[in-house]
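Visitor: I have a model open and I'd like to learn how to read it. Could you walk me through a few features?

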Amino acid sequence: MRIDVVTLFPDFMRQCASVGVVGRAQQRELLQVETWNPRDFATDNYRTVDGRTCGGGPGMVMLIQPLRDALKAVREAAPEPVHVVYLSPQGARLTQGRVEALAKMPRIALLCGRYEGVDERLLAHEVDEELSIGDYVLSGGELGAAVIIDAVGRLQDGALNDAQSAQQDSFSDGLLDCPHYAKPVHDTLGDVPEVLLSGDHAAIRRWRLKQSLGRTWLRRPDLLAQRALDAESRALLDEFRREHAQQTRHDDTAH
Ligand code: 4FV
């Protein structure tokens with residue numbers, strides 16, 4: 001997969017894409033990340049990429065011409081069609097489901113805004129999809145682009161080794177992840193749950209599913225509402241809720 005990033009901070013984006021699983025995916029040529037600086041496409045002596053916002057008011061807006069020419073160069077840089085994503089708070093919320101769809105595309109381009117944003121006409125003519133990483137305002141789209149590069153990069157076949165398989169990811173099945181433990185089995189902070197030391201993989205799978213269901217019920221009930229539970233999951237969640245109610249009652253009486 002190839003990802004082209006249009007950004008005023010190409011070094012920062014290349015650095016983000018050079019570490020960890022994503023960096024290794026690039027070394028393994030499972031992923032190629034290229035950067036394009038709109039300033040390199042500006043035509044005036046000052047290499048201007050922004051202008052005053054029409055209608056007055058504070059802040060600057062990114063100009064059409066440098067971005068249009070940068071995206072033209074991106075499109076011509078490789079034969080496959082490019083799906084252009086603009087990162088902004090006005091975009092649809094990024095989800096694992098959307099990440100999985102993007103990860104199957106041959107090429108995406110990530111347009112990173114700065115200042116107040118980008119001239120609307122450029123967005124209307126050049127952007128296929130607007131995505132937001134959250135309901136807050138950043139100083140640029142680069143961090144959102146880095147999130148997408150990481151989330152999409154690790155899903156490239158061969159990017160994760162078995163131990164890291166994406167199958168067990170949070171949200172891969174619409175649930176929050178279960179708790180994880182490592183050695184030592186006994187610590188002043190507590191012990192590793194017995195079942196995880198039992199070698200009984202069926203019991204371990206059920207325990208992890210029960211914990212994922214329980215945590216999702218406690219922390220993100222909105223996610224549970226979005227998915228139907230099979231009989232086993234319903235039974236495990238009921239078990240978790242009963243035990244949780246007992247624990248809460250116990251804690252209440254203890255205090
Ligand atoms: C953002 C977000 C975000 C808005 C104006 C860049 C900034 C500035 N991008 N999810 N939230 N972008 O705040 O993706 O140009």
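Guide: We'll take the features one by one, starting with the overall layout. Keep in mind that this is a predicted model.

Visitor: Fine. Into which domains is the chain divided?

Guide: The assignment gives domain 1, covering 2-153, and domain 2, covering 170-254. Taken over C-alpha atoms, the centres of domain 1 and domain 2 are separated by 39 Å.

Visitor: Next, aromatic rings. How many aromatic pairs are there?

Guide: The idea is to look for ring centres within 6.5 Å and then check the angle between the planes. The count here comes to two aromatic pairs. One of them is Tyr181 with Trp207, at 6.4 Å centre to centre and 55 degrees between the planes, a tilted arrangement.

Visitor: Why does the pair of Tyr181 and Trp207 tie together separate parts?

Guide: Because Tyr181 sits in the loop between helix 6 (142-153) and strand 8 (186-187), while Trp207 belongs to helix 7 (residues 201-219); the parts tied together are 26 residues apart in sequence. Tyr181 is partly exposed, with 43% relative accessible area, whereas Trp207 is buried at 16%.

Visitor: And why is the pair of Trp217 and Phe240 called edge-to-face?

Guide: Planes over 60 degrees apart count as edge-to-face. The planes of Trp217 and Phe240 stand at 80 degrees, with ring centres 6.3 Å apart, so the pair gets that label. This pair also links distant parts of the chain, with Trp217 in helix 7 and Phe240 in helix 9 (residues 231-254), 23 residues apart. Trp217 is partly exposed at 24% relative accessibility, and Phe240 is buried at 12%.

Visitor: Now the database side. Which residues does UniProt list under "binding site"?

Guide: With an annotation, see what the record says and then look at where those residues sit in the model. The unreviewed UniProt entry lists Gly113, Ile133, Gly134, Asp135, Tyr136, Val137 and Leu138. From this set, Gly113, Ile133, Gly134, Tyr136, Val137 and Leu138 are in the lining of the largest pocket.

Visitor: Let me zoom in on Gly113. Is Gly113 buried or exposed?

Guide: Gly113 is buried, at 6% relative accessibility. You'll find Gly113 in the loop between strand 6 (107-112) and helix 5 (120-126). Leaving out neighbours within four places in sequence, the contacts of Gly113 are Met62, Tyr86, Val118, Gly140, Gly141 and Glu142.

Visitor: What does the side chain of Tyr136 reach?

Guide: The backbone oxygen of Ile133, at 2.9 Å. Tyr136 is in the loop between strand 7 (129-132) and helix 6. With a relative accessible area of 41%, Tyr136 is partly exposed.

Visitor: Polar contacts between side chains, then. What is joined to the side chain of Ser88?

Guide: For these, look at the distance and at what surrounds the partners. The side chain of Ser88 has a polar contact of 2.6 Å with the side chain of Glu130. Ser88 is in strand 5 (residues 83-93) and is buried, at 7% relative accessibility. Beyond four places in sequence, Ser88 touches Glu130, Leu131 and Ser132.

Visitor: Strand 5 holds Val84 too. Which residues does Val84 touch?

Guide: Not counting residues up to four places away, they are Leu71, Arg75, Ala109, Glu126, Val127, Asp128 and Glu129. Val84 is buried, with 1% relative accessibility.

Visitor: Last topic: backbone geometry. What should I look for?

Guide: Most residues other than glycine have a negative phi, and most peptide bonds are trans, so exceptions deserve a look.

Visitor: Where is there a cis peptide bond?

Guide: Between Lys183 and Pro184, where omega is about 0 degrees. Pro184 lies in the loop between helix 6 and strand 8.

Visitor: And what is phi of Glu29 near?

Guide: Near 55 degrees, a positive value in a residue that isn't glycine. Glu29 is in the loop between helix 2 (20-27) and strand 2 (32-36), and is exposed at 74% relative accessibility. Arg47 has a positive phi as well, near 50 degrees. Arg47 lies in the loop between strand 2 and strand 3 (50-52) and is partly exposed, at 37%.

Notes:
Residues numbered from 1 in each chain as written. Predicted model: local features only at pLDDT ≥ 70, side-chain atom pairs only at ≥ 80, totals over all residues. Heavy atoms only, no water. Phe/Tyr/Trp six-rings, centres within 6.5 Å; stacked < 30°, edge-to-face > 60°. Helix = DSSP H or I, 4+ residues; strand = E, 2+ residues; numbered from the N terminus. Buried < 20%, exposed > 50% of the residue type's maximum accessible area, 1.4 Å probe, protein only. UniProt positions renumbered as here; feature names shortened; annotations may be inferred. 1 Å grid on protein atoms, 1.4 Å probe; cavity = no way out; pocket = protein on both sides within 12 Å on 5 of 7 lines; lining within 4 Å. Contact = heavy atoms within 4.5 Å. Polar contact = N/O pair within 3.5 Å; in protein donor to acceptor, adjacent residues only side chain to side chain. Domains from an automatic or database assignment.
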